[in-house]
Amino acid sequence: KLQGDIGRFGNVDLSDISGYAELPDGKVISGTETGTLLIWDGGLIRAVLVRPDGEGGAFKPCHKGMIEVVRFDNATKTISTTGADGHMRWWDYATVRDAEPEDDRIEVLIEPVKEAAIGDGAGGLCSVKSIITTEPDHWLVQDANGGIVRVAIGEGGELGESRQLTSFHGGCINGMDISAVSDHAVTAGSDGTVRLWAYAERREVYRSKFCAGATFVQMAPAYVDGSQRTVIAGFDDGVVRILLRCSDGFKIVDCFKPHNKRVTVAKFSPDGSVLATGSADGTVFFLAAKYPKSPPKAPKLPGVTLAPIGFAKAPGGVSALQWHENMKEHKLLVGCETGHAFEMKAPNWKPGQPDSVDSTITFEFEATATHYTFNRPRPTAMSIVESKYPPVGDERDAADAAEKAAIIEQKRVMALEAEQLQKELDEAERIAVYPVKHIGYVPFTGGNFELALGGEAAGKIWECQFGAKDPMRGTKTRQSALTITRASISGKLSVQAFEDGTVRVAPSRGKSYWVGVVHDGVYGSVTGAAVTRDDSFLLSTSSDGSFFVQKIGAGLLAERVPATDAEEVTSVAEDPTPAVEDITDPTKYSFEEEKIKLAEDIARAAAEEAKLGVRGYINKLRDDFQALLAENEARPPHERLPREAFEVDPGIREVVETETQGKMEMVKAEYAWLKERADLQLKRLKEFFLDPVESERVVLRSFGSGRRSFSVTSFRVAKFSDELRADIERCHTTELQRKTAGTGARAGLTPGKSFRKNAADEEEEEKVDPEAELMSHGKYAEKRAKRKAREAEWREFNATKPDPKYENPDDLAAIEEANRTRGDFKLKSEPDYVVPEEDQQFYDRKRRQMLLLEEAVHEIKMEFNRRFLALRAVRKSAVDDVHSSAKRIAEITVELDDADQPEGFEALSVLSEPFSATPLADEYPTEFRAAATDEELKAHDEEQKAAAAAASGGGDFGGFGGGGAKKEDKEDKE
């Protein structure tokens, strides 16, 4: 059994850990994703190692990014680390071992012994993932950007030249397709590369790097490009590129941006006239295809250009598309990541037709769609409940009444449980999402389609029909979700791939098949799987970045399709197909954004030009006027004109000043209205948020800093509402009445000694002894009074003596009740059990208890807050005393003029960093609520300006009509 301690980060930020090493003293050193080194001792962090960065105790991490490799060399007593930044650094073991943090910080500054850069063989640095150091003369380094690099090692251990041995995708492979005319495959990866592979030769032919991650790739079908050289690639930024495979690289023959998010799928119509693309932004875009002219009866020349037609919105991100084989109907199926599936009619790509898209203002059109709601077949709640209980027979076959009652009761319990379970199942089904993984028409069924879903609906391919409530049938596959299903180019084999990394190959006819877990079962969802043109190889790619090529044995397919030699292709420079410029700007507008924003940008640019023109003219007049004034000042005094002579219209100044004063008054009125509105809004906010609060939350911090610091808070207590306060008062009144009534009843039912004593006293008061009056003074009188009192007490006590034959009726009733109920101990589970009255729970009683508990909690919190605020006052007083003392010490030091002496220097150094006493907003929330600093006002002003600029820019597509330009024109006129 494994035993050990779990590391706890404590105050250190949580981080993934990849590289670590155990040190000889038992401690462990590990890297982090932020580039710092952690020293672990017994499951706790002892220190955080960082590098110094300038003066004043500033620091920086040991590496930039994740530290992947940490190794300890016992021979040299050094620790080597490297990671995503491509730098190898060596640290002295003794310095690391003796690293001890200070009291107020856990970071320890440390300098590396030496460092070196690990190149990637192409002029850059490796993003190191792992290193193999088994050979003395070289290392093998795995580059996270995609590659294996050989690094030469000198005799002294210094790093030498780096040379790349292999190259591959750095990250996920999001798509793969094969050629039907040559032994080539094309892949697309998250690293932004599209690569061509010669799978039979097990080598990469070439690759092209783009500015965004590639999310989709497909070879154009033969009816689009008979040479199979055209490649459609989609990217993260919504760009679609049409690439032409040449002998030495890809040639971009078309590049456009129909979407704003990643492109997930693209399909040509059966006649090749339209390309439909789907995206995670929830749109399906249609583009008309234009091909270069080719001779009659000759295959289409490579290359295709596309023009936008329009787009339709989908309920969610599009994940699957499939065209109907009959192009006369112009239909296609659409599947979404949100589980929606629908059939829509494609627009007419010929302008001027009745069902064509009018793209004068926007490319969006309302599509005619038929939606399908998937109803997953699932077991009923009763069947699930019945599986938990033993079989229940028919009550009519019961042997006796007891068995019949037991059967009926069990059925009743099962029915109630099934009813509750059914509600839970229905609710879970209502909120469940089954993303569409595959959708396609079923041939020769009149419109039926097959659907493969994720989530709980995975494991089957469902055949569905529009208008039907439930799926018609389901073909079992695997428990994991299906990601790919396709036939081989020859049609003799079919391939299925799944999210758990499994690939299944089976003949189109026959029951034999091959299935294998090819990729990682957790991170290796298969993104591409296909059988080559001659049915010899199985190719598969996955999100874990792996690309497998496997040879298909004769057990699956005895007869293979002979492979024909592919035609040689020209180079990029020699190919006659014209190239287009690539899109490298990440802010490039999509088709729709360009349509909407272009007019707005033109209008804004024209307005800016007009403003510059007016301003330039005004500046010219101003310069001319200043030149005239200068010339006038240069003349002799008798030739100078007075300043008033330069005023063309003397009365215009008064008119302008009057207008300006009127505008100022209007602005003041507007600001007065705005202030009144702000005051009303503030009043409403206070009434809603602050008035119901009786005591606010206050934070009180300790004098310490760093690891020794801590803070405590008071309770935020709400005021009792008038209704709640009235209920509590009624509760107290009721409780008082109940106690008073109980006391009075007990006093009336049980006669006491005091009652009888008072009666005897009254009798004594009636009998007056004359001798007693005469002898009422003196010692004799005192003794006689005591004797009389004792006699009276005895007479009273004897009067209470009961008759020997008397029996108390209450005692007789209690004895009789005890005899009647002797041995009758009813359990709470008994059907005839009656809860005692004192234990019964009623609405009034529970509400009274809840109200009293609410009041008690309120009082406890308020008492704590009162003591808390008193502590805050004590803290403030202590701070004020220390500050005044520190100020006085500084004044004494100045008067003595011994600041340079050891005593004065020590005194001033102690005062240079007094404990923190600056009150914060959360320490005095009421006092600081209305206060605002200049920085806060400036930040608020910038936020208001940014909000106004965003509002003037319109909606998602930047606004309609250039509202921002109009506002600027208005301000300029004013």
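Start with Arg229 and Asp575. They form a salt bridge, with the closest N and O atoms 2.8 Å apart. This pair links distant parts of the chain, 346 residues apart. Arg229 sits in the loop between strand E19 (214-219) and strand E20 (230-235). Asp575 sits in the loop between strand E41 (547-551) and H4. Keep in mind that this is a predicted model.

Buried or exposed, what is Arg229? Its relative accessible area is 8%, so Arg229 is buried. Asp575 counts as buried too, at 6% relative accessibility.

Now take Arg97 and Asp98. Their side chains meet in a salt bridge, 3.2 Å from N to O. Arg97 is partly exposed, at 35% relative accessible area. Asp98 is exposed, at 52%.

Next, a network. Salt bridges link Asp191, Arg195, Glu204 and Arg207. Within it, Glu204 and Arg207 have their closest N and O atoms 2.8 Å apart. Arg207 is partly exposed, with a relative accessible area of 39%. The total count is 41 salt bridges.

On to the sheet. It is open, with 4 strands in the order E31-E32-E33-E34, and the pairing is antiparallel. Strand E31 (436-441) and strand E34 (473-476) are the edges; each pairs on one side only. The twist averages 20 degrees from one strand to the next. E31 pairs with E32 (residues 449-453) over 5 bridges. Ile439 has Leu451 in E32 as its bridge partner.

Last, the surface. Val614, Tyr617, Ile618 and Leu621 form a nonpolar patch there, with about 390 Å² of accessible area together. Leu621 lies in helix H4 (residues 591-634). Leu621 is partly exposed, at 44% relative accessible area.

Definitions and conventions: Residues are numbered from 1 along each chain as its sequence is written. This is a predicted model: local features need pLDDT of at least 70, side-chain atom pairs count only at pLDDT 80 or more; totals for chains, interfaces and linings use all residues. Side-chain values use heavy atoms; hydrogens and water are left out. Patches are made of residues with over 30% relative accessible area and no salt bridge: like charges are joined within 9 Å, nonpolar side chains (Val, Leu, Ile, Met, Phe, Trp, Tyr) within 5 Å. Accessible areas come from the Shrake-Rupley method with a 1.4 Å probe; for residues, only the protein chains shown count as cover. A salt bridge is a side-chain nitrogen of Lys or Arg within 4 Å of a carboxyl oxygen of Asp or Glu. Helices (H or I, at least four residues) and strands (E, at least two) are DSSP runs, numbered from the N terminus. Buried means under 20% relative accessible area, exposed over 50%, partly exposed in between (1.4 Å probe, protein chains only). Two strands pair if DSSP finds at least two bridges between them. Axes are lines fitted to C-alpha atoms, for helices over the stretch in contact, and angles run from 0 to 180 degrees between N-to-C directions.
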